[in-house]
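Dear colleague,

Please find below the structure that I am handing over to you, followed by an account of what was found in it.

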Amino acid sequence: MNNTTNNTTEEEQGALSCTYPSLTLWQQSVRAGSVLLVIILSLIGNIFVLYVVRNNIKLHTVTHYLIVNLASADLLITVFNMSVMFKTEVTGGDEAFGGVAGHIYCVGIIVVLNLSVACSILTLTAIAVERFCSIIFPFKRIITVKLAKAIVVGIWVCSFVITIPFFFHIKVEDVYGDGVFYCVEDWSIITSQIFQIVFFVLMYACPLIAIFVLYLSIGIKLWRRQADSSLGNSNRRTRMTVQVTKMLVVSVVVFALCWLPQHVVLFINYFMLHICPPEFLWFGGTLLAYANSAMNPIIYVTFHSEYRKQFKVAFTRCCPICFGLRNTGTGLNLQRKGDKSEEFVMVNVLSFKAKLSDGPVSETSYVNTSNPSKRSRENHAFSKNE
């Protein structure tokens, strides 16, 4: 999965080299601005996810540890690949540079992209498996935190293995002989087509099918549990489980929809060698795929109460002006309530002193500041005695 230039050899004379299109300044500015917006949202959102999970003990679970792994993969795409795309849109070209450094650069951006994509889909699959084990077998702790850490390591190892071919088939080359270097793929047509099919099947189609089956089983189980449950605590736990499951299902659906256009582009690029993919599909598919990294934190805030609470806290701290008027009004109300409570305490203290002068103190004579209704009754009785 990449956006490199196909290198034309004698074996593939019909292949076209798809280069950066000619754009007006307005079009280039809009494209660069949209990429920059996605970068900012992805950086802030995924760092926010890492912060919330780290500081909220309620989220120290296997599911959210895997979500942290997903956020880490999204940050990897944001820092390396989105920045390269932003540079391409600003400069109006996807040129690289020659030498060993250029080779490392070309291999690096392609490997990081495919590594992150593979890590994301495998993490979503691991989350679905963990949810399946937790819900279908609620009394068995099958996936522990220790096992989850091993799963995370295995995900990154498998993701790296799938990218090994790029180390041998990506290079930097002066394609047109004008001293300008580009990142190109140097392998035969049949090899590139086979790799694309294998990558699509292993890192998109099969995981999504497995995730669909797992969440379908979870949905049936939760529906039966809701129908059979009668206790309040059981209903509450079921609602929380449904909430988390909805969030994860939406994450998977969004991932599938965001990365589908990119796979369409790659199939056109590898199998329809006489044409280039439409520019709106090329740019739009790439941007939509990268935007998935920014969408995940939004999904978490939308569906999960803990993320939503922390988002409100962070937003009020970062934007105090937006809540200044509300806080001022709230402060006045609290001050009025505070004055009233001080009056209650003062009256109760006077009552306490008066009863001390009359005789021994009973248990009901002590100051009660915990319940306003009890305070009012004591004050009323005191006024009657007077």
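E306 is buried, with a relative accessible area of 11%; buried means under 20% relative accessible area, exposed over 50%, and partly exposed in between (1.4 Å probe, protein chains only). Its salt-bridge partner is K309, at 3.8 Å from N to O, and K309 is partly exposed at 45%. A salt bridge is here a side-chain nitrogen of Lys or Arg within 4 Å of a carboxyl oxygen of Asp or Glu. Because K309 and E306 are three residues apart in helix α9 (residues 305-318), about one helical turn separates them. Helices (H or I, at least four residues) and strands (E, at least two) are DSSP runs, numbered from the N terminus.

Please note that this is a predicted model, in which local features need pLDDT of at least 70 and side-chain atom pairs count only at pLDDT 80 or more, while totals for chains, interfaces and linings use all residues. Residues are numbered from 1 along each chain as its sequence is written, and side-chain values use heavy atoms, with hydrogens and water left out.

The structure holds seven salt bridges. Side chains of opposite charge can pair when their charged atoms come close. K171 takes part in a salt bridge with E173, where the closest N and O atoms are 3.1 Å apart, and in another with D186, at 3.2 Å from N to O. K171 lies in strand β2 and D186 in the loop between β3 (182-185) and α6, so this pair ties together parts that are 15 residues apart in sequence. K171 is partly exposed, with a relative accessible area of 26%; E173 is partly exposed at 22%, and D186 is partly exposed at 31%. Elsewhere, R31, E89 and E279 are linked in a network of salt bridges.

Leaving aside residues up to four places away in sequence, Y215 touches I127, A128, R131, T245, L248, V249 and V252, contact meaning heavy atoms within 4.5 Å.

Helix α6 (residues 189-228) provides the largest share of the patch, six residues. I190 lies in that helix and is partly exposed, at 48%.

Finally, an unreviewed UniProt entry carries the annotation "transmembrane region" for several spans, including residues 150-170 and 280-303; such annotations may be inferred rather than shown by experiment. Residues 150-170 are 81% helix and 5% strand, with end C-alpha atoms 31 Å apart. Residues 280-303 are 100% helix and 0% strand, and their end C-alpha atoms lie 32 Å apart.

Yours sincerely
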